[in-house]
Amino acid sequence: MTITEAPQATRRLTTSKAMVEAIAQEMERDESVFYLGEDVGAYGGIFSSTTGLLERFGPERIIDTPISETAFIGLGIGAAVEGMRPIVEVMFADFMGVCLDQIYNHMAKIHFESGGNVKVPMVLTMATGGGYSDGAQHSQCLWGTLAHLPGMKVVVPSSPADAKGLMTAAIRDDNPVVYMFHKGVMGLPWMAKNPRSIEEVPDGEHLVPIGKARIAREGSDVTVVTLSLSVHHALDVAEKLAPQGIDVEVIDLRSLVPLDREAILTSVGKTGRLVVVDEDYLSYGVSAEVIATITDQDPGMLVVPPRRIAVPDVPIPYAHDLEYAVLPRHDRIEAAIRATAG
Amino acid sequence: MTTEASPSTTPTMPTARTSPEAPELSPATRTQLYETMVLSRTYEEAILREYHADKGPGFDIGKGLVPGEMHLSAGQEPVAAGVCAHLSADDAVTATHRPHHLAIAHGVDLRKMTAEIFGREGGLGRGRGGHMHLFDPATHFSCSGIIAEGYPPALGQAFAFRRRGTDRIAVAVTGEGAANQGGFHESLNLAARWSLPVVFVVEDNDWGISVPRDVATAIGSNADRASAYGIPGERIEDNDVEAVHAAAGRAVARARAGEGPSLIEVHTLRLWGHFEGDAQGYRSDLDEVPGRDPIPAYEARLREAGLLDDARIAEIKDDASSRVEDAIQFAKSSPIPDPTTATDYVFA
């Protein structure tokens with residue numbers, strides 16, 4: 001895989017448009033790529049993941065399915081085994097329970113069980129996250145669950161450029177890749193606008209290698225390791241704290257599998273202070289894994305105990321004030337950074 | 001996709017309760033069906049022998065040259081032989097946790113399959129899969145240890161075959177217990193709606209581990225369920241390889257012609273336990289089971305037709321034995337995987 005280094009023209013795109021652009025470019029490039037899922041055709045994807053693709057590529061390649069996740073994910077697996085490159089959308093990450101067997105027992109294990117003789121080059125996309133009162137069954141992130149189960153890469157873009165570059169890399173990857181996009185970063189017209197969901201995106205081919213974290217903001221005092229929408233929140237807080245003398249480094253993990261442990265170690269090696277922000281559940285999750293990355297290497301790297309800001313092991317509440325109380329929002333992130341920096 | 005089939009024009013297909021008369025098969029085909037069944041049975045008898053050879057003292061499931069659960073398909077050979085006779089290595093088969101007869105009938109390499117069952121480096125999956133997880137890209141064969149979950153991937157294989165403009169098909173096999181799973185119904189609906197070239201096969205051996213079909217399933221014939229999806233359904237009652245061959249011939253031809261999927265249920269026989277070590281204390285039909293063994297019955301029929309005699313039968317059985325013993329020797333001499341490679345092959 002090559003990273004495009006040459007200077008490129010850019011335009012400002014929303015995350016969803018950047019994601020769609022990558023899919024369209026790969027579909028132009030490779031006949032074996034197709035996209036299927038619920039409401040991905042005329043509707044264009046509930047979260048605008050396929051807007052305009054039906055008109056461009058037709059119903060043979062942008063395929064609306066029945067609400068039968070087990071059947072159509074399995075269909076993607078079988079097609080991938082036969083050398084096609086399907087992109088399969090599960091509308092909400094929350095729905096993976098109805099089809100989890102196909103995901104973790106089949107999609108993720110066939111390559112291993114076959115001793116490397118069978119490849120499953122498939123992308124499984126799903127929308128994650130809350131913050132808009134959609135309740136406990138429509139607001140989960142669950143990326144920790146997928147990252148825990150071996151055999152699939154798990155990528156979680158936070159920015160428009162990464163949404164494009166990681167999607168391109170995911171489609172070209174010979175492994176199953178789960179591509180989890182947070183509704184709050186997509187720049188959807190019917191959701192509160194996040195200023196960071198519209199950014200410059202390189203024209204033409206743009207690849208972001210899977211497994212390489214991004215330093216979203218350089219800083220010297222405290223490392224914040226995070227991903228997805230929480231990157232935006234962490235950057236907001238970092239900008240607020242900078243004039244007050246707290247220089248925050250923000251690491252955007254970009255992918256959970258593989259996890260760029262080197263980037264975490266390098267940053268904490270510099271700052272000695274760590275806050276992990278994760279919109280997934282607290283226990284047994286990403287935040288513990290990130291901290292273990294440090295403590296496995298050398299707990300002495302940390303000059304103060306690390307802190308974790310995550311959903312405190314509770315289903316996501318419906319009522320706005322309750323939901324905001326459990327999500328990792330600016331106030332909780334700021335308090336953790338201040339406590340750690342102090 | 002959506003342009004390829006229209007629900008309003010899809011006729012509701014009748015379910016055949018009794019199979020139409022089977023066309024007369026050529027002597028070569030009849031002998032071949034017998035040979036396939038004999039090879040499968042010979043294979044499983046040898047696996048049985050090796051499996052139990054070193055499980056003692058007592059019975060320790062994790063011990064021995066062949067460790068773990070072992071589900072043998074003795075009694076179900078007519079399904080595999082009858083269906084796979086219509087397939088080439090270009091066609092796909094997805095089997096169940098009881099896969100050996102189907103793998104053998106579909107032409108999976110006997111040596112590599114055996115080495116996999118023995119957990120050896122020379123196995124289909126280099127010892128990572130085991131007997132419930134056989135993957136052979138050469139014959140597009142795979143199986144799954146999870147009930148009904150082999151059906152959905154078959155849809156994708158069929159989709160890919162058609163997308164490439166071929167007449168290749170996928171055959172998806174489950175047991176009768178799987179017909180109560182969501183994956184079964186989702187797959188029938190989707191395959192029917194998209195007219196995918198799939199043949200769905202249900203092996204009704206009467207038992208979902210210890211629970212009889214009558215206790216688990218609301219209707220007597222899972223073939224009737226095909227009508228709910230507008231596709232042909234056919235139940236074969238007598239575990240006869242020629243009846244299976246005939247029904248599969250119709251379903252395969254329909255799939256290859258682009259007319260969509262069909263469902264075949266065969267009332268077959270689980271001759272032995274659900275797994276080796278299963279005492280079958282729950283089983284009410286054990287007295288009559290040996291008399292229902294389909295292989296001696298077919299052998300007698302072919303003798304009567306003048307196609308087999310003692311010498312030919314001995315020849316077929318000897319040939320099967322030498323192939324099986326060769327495979328077992330291959331497996332035993334294949335290296336045990338290096339423990340330091342246990343984490344290999346998670347990613348490509």
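Q: How far apart are the end C-alpha atoms of residues 13–188 of chain A?
A: In this predicted model, those end C-alpha atoms lie 11 Å apart. The span is 36% helix and 19% strand. As for a label, the unreviewed UniProt entry lists residues 13–188 of chain A under "domain: Transketolase-like pyrimidine-binding".

Q: Which domains does the domain assignment give for chain A?
A: There are two entries to look for: domain 1 covers 12–202, and domain 2 covers 214–341. Taken over C-alpha atoms, the centres of domain 1 and domain 2 of chain A are separated by 25 Å.

Q: How many residues of domain 1 of chain A are in contact with domain 2 of chain A?
A: Domain 1 of chain A brings 31 residues to the contact, and domain 2 of chain A brings 28 residues.

Q: And what area is buried between domain 1 and domain 2 of chain A?
A: Here is the general idea to start with. The size of an interface is often given as the accessible area lost when the parts come together. For domain 1 and domain 2 of chain A, the buried area is about 2300 Å², and carbon and sulfur atoms give 53% of it. On the side of domain 1, A:Ser133, A:Trp143 and A:Arg196 supply 27% of the area buried against domain 2 of chain A, more than any other three residues.

Q: How many salt bridges are there between domain 1 and domain 2 of chain A?
A: Again, the idea comes before the case. Side chains of opposite charge can pair when their charged atoms come close. Between domain 1 and domain 2 of chain A the count is 4 salt bridges. A pair to find in the structure is A:Arg196 and A:Asp236, whose side chains meet in a salt bridge at 2.4 Å, N to O.

Q: How many residue pairs are in polar contact across the interface of domain 1 and domain 2 of chain A, and which elements supply residues to the domain 1 side?
A: The rule finds 23 residue pairs in polar contact there, counting pairs with both residues at pLDDT 80 or more. On the domain 1 side, helix 6 (143–148), strand 6 (153–155) and helix 7 (160–172) of chain A each supply at least two residues. Helix 6 of chain A gives the most, with 4 residues. By class, that side of domain 1 has 13 nonpolar, 15 polar and 3 charged residues.

Q: Which parts of chain B does the pair B:Glu77 and B:Arg41 tie together?
A: The side chains of B:Glu77 and B:Arg41 meet in a salt bridge at 2.6 Å, N to O. B:Glu77 lies in helix 2 (residues 77–84) and B:Arg41 in helix 1 (residues 27–53) of chain B, so the pair ties together parts that are 36 residues apart in sequence. Over all chains, the count comes to 51 salt bridges.

Q: Where is B:Pro57 found, and is the peptide bond from B:Gly56 to B:Pro57 cis or trans?
A: That peptide bond is cis, with omega near 0 degrees. B:Pro57 is found in the loop between helix 1 and helix 2 of chain B. In chain A, a cis peptide bond joins A:Val257 and A:Pro258, with omega about -5 degrees.

How values were computed:
Residues are numbered from 1 along each chain as its sequence is written. Chains are lettered from A and ligands numbered from 1 in the order in which they are written. This is a predicted model: local features need pLDDT of at least 70, side-chain atom pairs count only at pLDDT 80 or more; totals for chains, interfaces and linings use all residues. Side-chain values use heavy atoms; hydrogens and water are left out. Domain bounds come from an automatic or database domain assignment. Contact means heavy atoms within 4.5 Å. Buried area is the accessible area (1.4 Å probe) that two parts lose on being put together, summed over both. A polar contact is a pair of N or O atoms within 3.5 Å; within protein, one must be able to donate a hydrogen and the other to accept it, and residues adjacent in sequence count only if both atoms are side-chain atoms. Ala, Val, Leu, Ile, Met, Phe, Trp, Tyr, Cys and Pro count as nonpolar, Asp, Glu, Lys and Arg as charged, and the others, Gly among them, as polar. UniProt positions are given in the numbering used here, feature names are shortened, and annotations may be inferred rather than shown by experiment.
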